[in-house]
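Where does this protein leave open space, and what lines it? The report below takes the pockets in turn.

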Amino acid sequence: EYLLSVVPGEIPANWDRESLKAQAVAARTFTYYHLAYGKNRDAIYDLDATAATQVYRGMTDEKPQTTEAVRATAGQIMVYDGRPILAYFHSTCGGKTVDDRYVWAQSSMPYLQGTTCGFCNDSTKYKWETTLDLAEIRSCLTKKYPSMGSIRAISFMKKDDRVVEVVIRHAGDTIRMNGNSFRLLFPPEKIRSLYFTSKKVNDRLALKGHGWGHGVGLCQWGARGMAMRGYDYRNILRHYYTGVTIGSVRTSYIAVKQRPSSACQ
């Protein structure tokens, strides 16, 4: 019942049926992973209702097409070594996905390896351009570093064409931060992905990029493109998640954490 709202919250319900089924399995897997291995074992909930985990807007957002996709894949999750995977997904990879270790420093999952996509070209976010002036960059950075001085220089360190580290030299010191953390300091429409090139123009940075989102795991527009070319949801999922199998929740090892009784009061 939870997934009946999550799937249309994450992917357009009028997309091809196999892409909806791929999203349903990915969202179900992501949910079970957090039920079993969520970081905060003392919290009274496992996932929130936003894009920080999975979008949930309630029963009024349910759609017949996505409800059918959830039911058609009932009980199916992706597993690696017998356990549910951390099934990240994003809107548009821009041509290729990326290893999770290049986005989150403490993450290195064998099934989250970058792969060539080639199916998301129709995405409205496949290519993008934006400009950032120094005042805007400093305003966003001071949310995390309130005592920073005036910016002297910014450098973007890359792996596999994506920014993995940002180095900011300012009047007081030097700040080094993860590329994804830098991106998330800005409004979502501003730096849509870490797959970009930059050029200094006067006191501005001109960015030209590809894709929208972190670029790890399932590319949703790529899933749509694959479905339109005749791939079924199992092949779609195996393309974006390395070495996984699609199994049943009942036969997978899931050590669901126990809640204190007060959590239900």
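## Second largest pocket

The second largest pocket has a volume of about 190 Å³. A pocket is an open set of points on a 1 Å grid over the protein atoms alone, where a 1.4 Å probe fits, with protein on both sides within 12 Å along at least five of seven lines. Grid points are joined across faces, edges and corners, and a volume is the space filled by probe spheres set on the points.

This is a predicted model: local features need pLDDT of at least 70, side-chain atom pairs count only at pLDDT 80 or more, and totals for chains, interfaces and linings use all residues. Residues are numbered from 1 along each chain as its sequence is written, and side-chain values use heavy atoms, without hydrogens and water.

## Its lining

Lining residues have an atom within 4 Å of a point. Among those of the second largest pocket are L134, F156, S198 and D203. Strands β5 (151-159), β8 (196-201) and β9 (204-210) each supply at least two residues. β5 gives the most, with five. Strands are DSSP runs of E, at least two residues; helices are runs of H or I, at least four.

The lining divides into six nonpolar, one polar and five charged residues. Asp, Glu, Lys and Arg count as charged; Ala, Val, Leu, Ile, Met, Phe, Trp, Tyr, Cys and Pro as nonpolar; the others, Gly among them, as polar.

## Largest pocket

The largest pocket holds about 1,500 Å³ of space. Its lining has 48 residues, with A51, A52, T53, Y88 and H214 nearest the centre. α2 provides the largest share, four residues. By class, 25 lining residues are nonpolar, 15 polar and eight charged.
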